[in-house]
Amino acid sequence: MSGALPPDRVDRAQSWRRLSPRMLLVHPVQEVLQFLPALFGVVILGRANDGMPWWFEIVFVAIPVLLGISRWFTTSYTIGQDTIRLRTGLLQRKTLTANLERVRTVDAVAPPLHRLLGLVKVMIGTGADKPFELNGLRAAEARSLRAELLHRGVGPAVARPAPGSEVPASPTDSPSMSPRTSPATAQWTTEQGPRRPVEPQGSLTGAGDQETVLGRFRPAWVLLAPFTLSGLLGVVAVSGFLGQYSGAIVRRISDSEGGANLMGYLQGLGFWLAAVQVGIAVLATVAALSMISYTLAYWGYRLTRHPGGTLHVTRGLLTTRATSLDEARIRGARLVEPYLMRLVSGAKAIALTTGFNRTEDGVNLVNNLLTPPAPRAVVNTVTAAVLGGDAPLTVGLTEHGPAARRRRHIRALAVGLLVLVLVAWARTIADWPAWVLVPAVVLVVSSPALAEQRYHSLGHALVGDYLVARADLFPRERSMLRMDGVIGWTVSQTLFQRRAGLVSLHATTAAGSGQVSVTDVPQSQGLAVIGAVSPGLLAQFVQAPEAGPGR
Amino acid sequence: MREPANLVSPKARTMWLVSALLGWLFPLAAILGWAILAPGQRSWQLPIGLAVALLAVAHLAVMPQWRFRVHRWEVTDSAVYTQTGWIHLERRIAPISRIQTVDSEFGPLERLFGLGSVTVTTASAAGALKVSGLERELVERMVGELTAITARSSSDAT
């Protein structure tokens with residue numbers, strides 16, 4: 001419940017800590033790097049900023065640099081018994097306060113420059129709109145901070161580290177951390193039965209002895225990257241950037257000898273051969289960019305489990321990212337299979353976690369990743385380890401029956417016909433060539449095949465503690481939600497569904513995007529699912545109504 | 001699965017009628033303005049104006065009664081249950097133990113009719129349960145009771 005925070009009980013040992021002074025180096029360099037594209041325009045293409053003197057843009061660099069430097073002087077944070085507080089702002093002082101009980105994730109990101117200086121940016125997710133961001137801590141300091149935040153006593157079922165094995169604070173730690181750790185460890189002794197030795201807590205880049213490795217990167221996975229189509233985004237981004245200077249660049253290329261040769265070569269080929277060759281070149285570029293971006297994002301991926309009740313995902317080639325998830329907050333997982341990835345038996349998995357930092361338009365799906373796009377078998381193994389059994393991943397799903405299948409066919413055909421009619425109508429108005437009808441006809445003709453595939457991806461199952469639901473093709477998603485993570489139901493029915501005797505169930509949950517849907521299931525089956533997942537909840541709304549207290 | 005037991009206040013029908021009427025004033029005023037400013041385009045203005053007027057009349061005639069029958073709610077000892085929708089029916093169930101906040105809301109039009117709405121949220125991002133068009137005293141009583149029940153549970157209902 002998002003109520004008022006309890007007053008901080010420890011005001012005594014509360015000293016305000018600063019970010020690492022090395023950040024004073026990072027800010028200027030970062031600002032200059034951001035200035036590079038403009039510099040590129042000025043120096044390489046000789047495109048001066050119309051009428052402005054050359055030093056004009058320098059001013060625009062200097063101001064952010066000064067602001068960045070001032071940020072170091074004005075930012076400080078402190079960790080009390082119950083809360084973590086962050087003070088920022090030069091003119092308008094702001095203090096952010098978060099309840100330590102609510103810390104769900106700790107994200108440590110180290111872009112190349114940070115890594116060079118041994119720094120990391122720590123983001124603390126509390127389920128609030130804005131994550132707590134501590135930009136620029138020493139790596140060791142970040143490690144102990146993470147341990148301090150995550151292994152302090154959430155998740156009743158998991159064993160917590162015993163105090164005797166607590167690693168002494170590293171010399172780089174600020175002295176104020178020690179008084180904070182001791183009361184907490186004392187608490188652990190009284191609560192905890194089994195004592196377990198513990199490794200240097202939550203290391204950022206190296207697994208300790210106590211962490212179990214659940215998944216590890218294989219370089220061969222990079223070969224799957226072209227099927228993620230992530231390179232397409234890269235191509236769009238690059239062409240967008242070049243688009244700014246397109247005139248100049250095209251002129252430069254066509255003026256150069258190589259460019260002229262290329263154009264001459266393509267013109268000599270004739271239309272079809274040239275189109276095929278250009279197509280192959282574009283595909284190769286997309287594939288290469290996909291592999292590069294995959295490598296940058298996921299190289300060195302490792303998923304480990306800490307006995308303190310957290311999962312750690314580390315990954316990244318240049319910018320490293322270490323995400324810690326509190327296992328007590330994980331309600332399940334989702335296996336995502338984009339259409340092209342399925343052709344090569346690839347998939348990726350994400351965790352369904354409560355209180356994830358939500359972006360404005362939904363949920364930030366970037367850092368709840370369990371596995372990067374990888375072979376399905378590997379993803380299955382890793383996800384099974386996270387969920388505590390492979391039954392939700394391997395169980396055969398109940399099909400949704402002939403009415404659901406018919407619905408898939410009707411919808412696929414209807415969409416195809418609609419497109420066909422629209423295109424045909426557009427041709428009567430505009431002067432479009434006849435071949436524009438071809439894609440629409442293909443859509444209509446292929447609709448039965450598409451409908452069959454969509455039908456076969458539909459399904460649900462109840463296995464062990466999990467509700468499993470699968471749907472869709474682009475991508476196909478298999479959601480596995482722990483039944484005790486279901487916090488309500490929505491049963492929706494359109495007019496057409498009513499006539500077909502189908503319903504769509506949405507199990508609402510605090511995790512992920514907020515619900516897991518079982519689409520187009522026969523009504524009686526759907527109600528049986530609700531009955532099994534939430535016993536007793538539905539029964540009262542099936543019998544005759546009684547007057548409720550609200551009446 | 002049956003419908004929730006309770007209808008909202010009968011006064012809600014009048015309120016929905018008034019609010020829909022206000023909503024239709026804008027397109028009708030726009031067409032009227034067009035008719036005044038451009039007298040040469042009667043062949044377009046007449047059919048469009050007629051179509052909009054017909055739609056408005058049909059909507060105003062059917063909607064309040066239909067919505068009154070569909071928008072139902074029920075609170076039991078263990079759950080809140082609502083039904084909304086038009087062609088697309090939606091029934092939502094939230095166990096009382098999972099309720100996070102209970103809000104009441106009295107809009108200007110609702111105040112005019114002595115009505116209000118109750119919104120019950122859970123920890124899910126997928127939406128709240130909202131019942132509008134309830135009698136003012138009922139809203140206050142429901143909020144009080146639900147808040148008291150939810151305050152008793154100590155977990156964070158996720």
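Within E4(B), Glu90(B) is the bridge partner of Ser492(A).

Some ground rules. This is a predicted model, where local features need pLDDT of at least 70, side-chain atom pairs count only at pLDDT 80 or more, and totals for chains, interfaces and linings use all residues. Residues are numbered from 1 along each chain as its sequence is written, chains are lettered from A and ligands numbered from 1 in the order in which they are written, and side-chain values use heavy atoms, leaving out hydrogens and water.

Now the interface. On chain B, 37 residues are in contact (heavy atoms within 4.5 Å) with 38 residues of chain A. The two chains bury about 3200 Å² between them, 54% of it on carbon and sulfur atoms. Buried area is the accessible area (1.4 Å probe) that two parts lose on being put together, summed over both.

What about charge pairs? The salt bridge count between chain B and chain A is zero. The cut-off is a side-chain nitrogen of Lys or Arg within 4 Å of a carboxyl oxygen of Asp or Glu.

Who supplies the side of chain B that touches chain A? E4(B) gives the largest share, seven residues. By class, that side has 18 nonpolar, nine polar and ten charged residues. Nonpolar means Ala, Val, Leu, Ile, Met, Phe, Trp, Tyr, Cys and Pro; charged means Asp, Glu, Lys and Arg; the others, Gly among them, are polar.

Methods: Helix = DSSP H or I, 4+ residues; strand = E, 2+ residues; numbered from the N terminus. Pairing = 2+ DSSP bridges.
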